[in-house]
Amino acid sequence: MKKTLVLVVDRDDDFGVKAGAESPAIGVEACSVAASALGIADPEDSDINAVFAAISIYKDIIGEGKDAEIVLICGNPKIGHRSDSAIIDELNQVLEEVSPDRVILVGDGAEDEYVYPIISSRVPIDSVKKVFVKQAPGLEGTVYILSK
């Protein structure tokens, strides 16, 4: 049976910087703890929703009787080669430990697209899920969404 890795990548390490979470976070328990810690530290950070969406996807896969694991990996606050190097190191560690056959990548926006080539060069990406937070209607909410 093929193993699916449901992967969340936090390129700028909000989980580590804001919430003190350790990465890689492997498994539902570790991912839930990291999401809760970031939710308390910064309830408006969209990375939280990406993790909860990944947990939902993971539970769907497991519910179908398939083999899966969920993981959160983090980069570095200095976006660019530093963050990408950290992501590579954590990804290699996860691939060795989990041994997935494919990945479902879950992210919260365009910044995540920079890591696709890094991940796909090491393991096939079967699916990408972008998570967008629903906002209350109104001009202020629209301006905020457009500015982000």
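Student: Leaving aside neighbours within four places in sequence, which residues is Val 106 in contact with?
Tutor: In this predicted model, Val 106 is in contact with Val 6, Leu 7, Val 8, Val 9, Ala 50, Ala 53, Ala 54, Ile 57, Lys 129 and Val 131. Contact here means heavy atoms within 4.5 Å.

Student: Which residues touch the most other members of the largest nonpolar core?
Tutor: Val 106 is one of them, along with Val 6, Val 8, Phe 15, Val 51, Ile 70 and Leu 72. The core has 25 residues. Two or more residues come from each of strand S1 (3-10), helix H2 (28-41), helix H3 (47-63), strand S3 (67-74) and strand S4 (102-107). H3 gives the most, with nine residues. Another core, of 15 residues, lies apart from it, and includes Val 94, Leu 95, Val 103 and Val 123.

Student: What makes a set of residues a nonpolar core?
Tutor: Its members are buried nonpolar residues, joined through side-chain atoms within 4.5 Å. Buried means under 20% relative accessible area.

Student: Why are H2 and H3 called roughly antiparallel?
Tutor: Their packing angle is about 155 degrees. Angles over 145 count as roughly antiparallel, and therefore H2 and H3 do too. Their axes lie 9 Å apart, and H2 passes H3 in a left-handed crossing.

Student: Which residues make the contact between H2 and H3?
Tutor: H2 brings Val 28, Cys 31, Ser 32, Ala 35, Leu 38 and Gly 39. From H3 come Asp 47, Ile 48, Val 51, Phe 52, Ile 55 and Tyr 58.

Student: How many residues of each class does this contact of H2 with H3 have?
Tutor: Nine are nonpolar, two polar and one charged. Asp counts as charged, and Gly counts as polar.

How values were computed:
Residues numbered from 1 in each chain as written. Predicted model: local features only at pLDDT ≥ 70, side-chain atom pairs only at ≥ 80, totals over all residues. Heavy atoms only, no water. Buried < 20%, exposed > 50% of the residue type's maximum accessible area, 1.4 Å probe, protein only. Helix = DSSP H or I, 4+ residues; strand = E, 2+ residues; numbered from the N terminus. Axes fitted to C-alpha atoms, helices over the stretch in contact; angles between N-to-C directions. Parallel < 35°, antiparallel > 145°, perpendicular 65-115°, else oblique. Left-handed = near helix turned anticlockwise from the far one by under 90°.
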